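Q: I would like to learn how to read a few features of a model. Can we start with aromatic rings and then take a helix?

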Amino acid sequence: MHTTKKKARVGREPGTASASTSTSGAVSTGGAHRGRAGKLSGLMQVPMDVFFEITSHLRPIDLLQLARTSKYLRSVILGRTNRFVWLASLNSVAGLPPCPTDMAEPMYAALLFDRICMLCGETRSHWVDYAIRLRLCKSCYHTHIQKGRDIVHDWVWDIPDGDEALKFCMAMTPCETTRHVGTARASEAPLSHTKDRNYYGPQLLASAQKEWPDRLEGQSEEDFLESLCSDSIRRHQHATALLQWESARVIQKREEDSMIRERRKESIVERLKAIGYSEDTFPNSREWGKLVEQPKELTDRIWNNIQPKLLDLIQLEAKRRVHEQFQARVDLRLHSIAGYFDTYMESMSEYERELMPNTYELGRLPLLRTLAEKDDAQGDVAYTDFLALGAQLLLELEQYKKRAQEVAVKIIADILKKRTAPAQIREEVTSLPSATIITRHYAVFWCNRCNTEPRSFWDMHAHWRTAHPQLPWEQVNCQWGTWPCFCVLECQVGQNMLEAAGLPLDTPIDTLTELIRSGRLYCNCQDPALPLPEHLNWPKMLMHVATDITEFSARRRNAKKDIGAMEKKYVMRTLHTFAEPDNSCIKLLPEGADTAPARERATVLDDKTRTRVQERLAARPNAAAKHICRVCKKLAAARSSRGMRSLMALPDTPEGIVHHLRACHDKEFQKWDILFVTH
C-alpha cells in the first residue's frame, strides 16, 4: 500500500498559551497562511501590546465579533490573562453596572449586547432575562422557561418536607423578571418566587438538589431565608440595575436622536433656502419626512445623495397644490351645477326623480365633469350652459340608471353566494335583465348607513340621493361590506307569501304594494304594531312576516330538550304560517270585496287589564332593565337564556304585550308574565 507522510507543521501551534501571554511579540503565529489574505491580515502582524491597546477601545459587541473571526483570535481575546481588555471595553459603556463577580466578562457582554441564543445558537434571539442570565430564541424560551408548578410536577414529591421545602427552593432560584423595572424590583423579595412565576428548569432543579445549611440556633426565619437566598437576591438586584440602565439608555438615545433630527432638518432647510426655495413650498409627506427627519447628521455626501430627491418632491408638491386648487374650483362649479340640476328635476315626475344621481354621482358624469373643468374651471357656470347639454345629458342619465340597477343586481348576486335560495331565483338573477330583477319580490334593501327600514330598489335609491348626497352609489370595486345598501333576500318567505295569496312569483313589487295599500293583500296576524294598509308596502310586510318566522325558529332551536313535555303546560307558536292554505297568515281578497279584515288590529283592551300591565311596567327596577316574556324564558334552555334575551323581549305597549301572550302562548295576562332583566 502506498503511503504518504504528512508535511511537518512549521511554527507554533495557534491558540497556545504563549501567544496569548506575550506582550512584546507579534500577534501572528509565524505559520504560513493558506488562501488570500483578508482585511484583517495586517492585524495578525501587530505587536501584542499594540493589539491589546487597540482592542481595549472596542465596544463589547465588537470584541465578541472579533473573537469569532478565527480560532487564534478567539484564544487570544478570551484568554484569562487578557481579562483587562474586557474590563476596559465594558467600562467604556456609560452607566453600565459592573460585571458580577460570579460571571465572566465575555458572557456578560454576550448577555447584554449579543443576539445569539445561548442554548441553540439561533441568531435572532430577543428574549433576555438578566436574573436568569440567559438570552434565548422563541423556541428555546417556550421549551425551557416554564412555570414553577409545571417544572416540579414530576419531581416535587422527592423533596423532603414537601411544599415548605419547595417554597425555599423557588426562593433560592432566580425567576423571570420581564422587561419592567417595577416587576424586577418586586422580584428581589425571595418569597415572591411562587409556583406561578417562570423559571429556567435546570436552575430550579439545581436548587432542589443543593444541600442546604442548617438553621442556626436563635436565627430568625427572615435571616435564614436571606442567607439561603443571597445569590438569588444579588442576581435580581443586579437585574433591576441593568433594566434601569437600559431604560435610561433608551431615553438618552431618544433625546440624542431628536437633537440630531432637528440639526439635520435645520441644515437641510438652510441649504434649500440657499438655492432659492422657501419653507412654504416644502411638502408634508411621508417620503419627505423619511429624507429630512432621520437621526443621522447631514454630511456633504448625504446632501449630494438626497438633494435631487428633495427637489423632485418639491416639484411634485407644487403640481399637487396646483391640481388641488383646480379641483377646488371644479367642486365649486359642480356645486352650482347641482343646483341647476335640482331646478331641472322639478319638471320631472316623482318616479323619474327616484333614479336620478345624487350630488357625488352627478359630478362623475362625463358631460357635467367636462363642463365644470372648462376654461380651467375659472369663473361661474351659467344656467344656459347647463341647459345647452340637452339630449346628451339625458343620454348619460339613462346610462347612469342602467348602471345603478346593475349595482343593485350585483348586490343580490353576491348575497346569493352566501345564502340558500330556490333554484328558480338563482337562475333569474343570472339570466334576466337588471331592470326586471329589481322588480321581483326578493329585491328588498336596507340602507347600510341608516338601517332604518326595508325599501324597494327605487325607494332605496331615492333615499340614497337625498340622505347621502356626498356618498357614491356606484362603487369602483363593489365588494361585500362596501355596498351602499344590503339586500334582505328573504326569498323563501316571499315565495311562500305569494303562493299563499295565489299570486304569480313574477308579480312586480309595485303591484304588490298597490294590493297591500288597497286592503286586498294583508296579513291576518292582527299585530298592533303592524301599520294600517295605507302606510304599508311590500318590503315592510315581507320583513314583518320574515322577522317573526326567524325569531320563532331561533326560539325552537334554543328551546329546552324536553320542549315536547313543556308544551303541555306552555304554548309556543308563530303567528305566521303557510302550512295550511285556509289558515295561512297571508290573505288576498277578491276585487271589490270588503277590506275591513286588513285593518283589524288587536288594540281592544279592557281598562282593568291595561292598568295591570301599566302597573307591572312601572315596577321596572331601573331604567336599564328590559322587560321580557316569562313564558319565552321558561321554554328557553338555561345555557342560551342570556343570548336569547332579545328574542324574549316583549312589545312596549300594553296592547302588544297582551297580544303576544294570547297569540303566541294562548294565555291571558298575569303580572308575573313580565320579567325584568339587566344586560
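Q: Which residues do ring pairs link into a cluster?
A: In this predicted model, ring pairs join Tyr340, Phe341, Tyr344, Tyr383 and Phe386 into a cluster. The structure holds 13 aromatic pairs.

Q: How is the geometry of Phe457 and Trp458 to be read?
A: A pair of aromatic rings is described by the distance of the centres and the angle of the planes. For Phe457 and Trp458 the centres are 6.0 Å apart and the planes stand at 70°, so the pair is edge-to-face. Trp464 and Trp473 form an edge-to-face pair, with 6.1 Å centre to centre and 70° between the planes.

Q: Are Phe457 and Trp458 buried or exposed?
A: Buried means under 20% relative accessible area. Phe457 has 0%, so it is buried; Trp458, at 7%, counts as buried. Trp464 and Trp473 are both buried.

Q: Which residues of α28 are buried, and where do they lie around the axis?
A: An α-helix has 3.6 residues a turn, so residues three or four places apart point the same way. In α28 the buried residues are Thr609, Val613 and Leu617. They cover an arc of only 70° around the axis, which puts them on the same side of α28. Asp607, Lys608, Glu615 and Ala618 are exposed on the other side.

Q: What covers the buried residues of α28?
A: The cover includes β10 (626-629), α31 (654-665) and β11 (674-677).

Q: What span should α28 have?
A: Its twelve residues (607-618), at 1.5 Å a residue, should span 16 Å; the end C-alpha atoms are 16 Å apart, which agrees.

Note on methods:
Residues are numbered from 1 along each chain as its sequence is written. This is a predicted model: local features need pLDDT of at least 70, side-chain atom pairs count only at pLDDT 80 or more; totals for chains, interfaces and linings use all residues. Side-chain values use heavy atoms; hydrogens and water are left out. Helices (H or I, at least four residues) and strands (E, at least two) are DSSP runs, numbered from the N terminus. The expected span of a helix is 1.5 Å times one less than its number of residues. Buried means under 20% relative accessible area, exposed over 50%, partly exposed in between (1.4 Å probe, protein chains only). The arc is that of the directions from the helix axis to the C-beta atoms. Contact means heavy atoms within 4.5 Å. Rings of Phe, Tyr and Trp (its six-membered ring) pair if their centres lie within 6.5 Å; planes under 30 degrees apart count as stacked, over 60 as edge-to-face and the rest as tilted.
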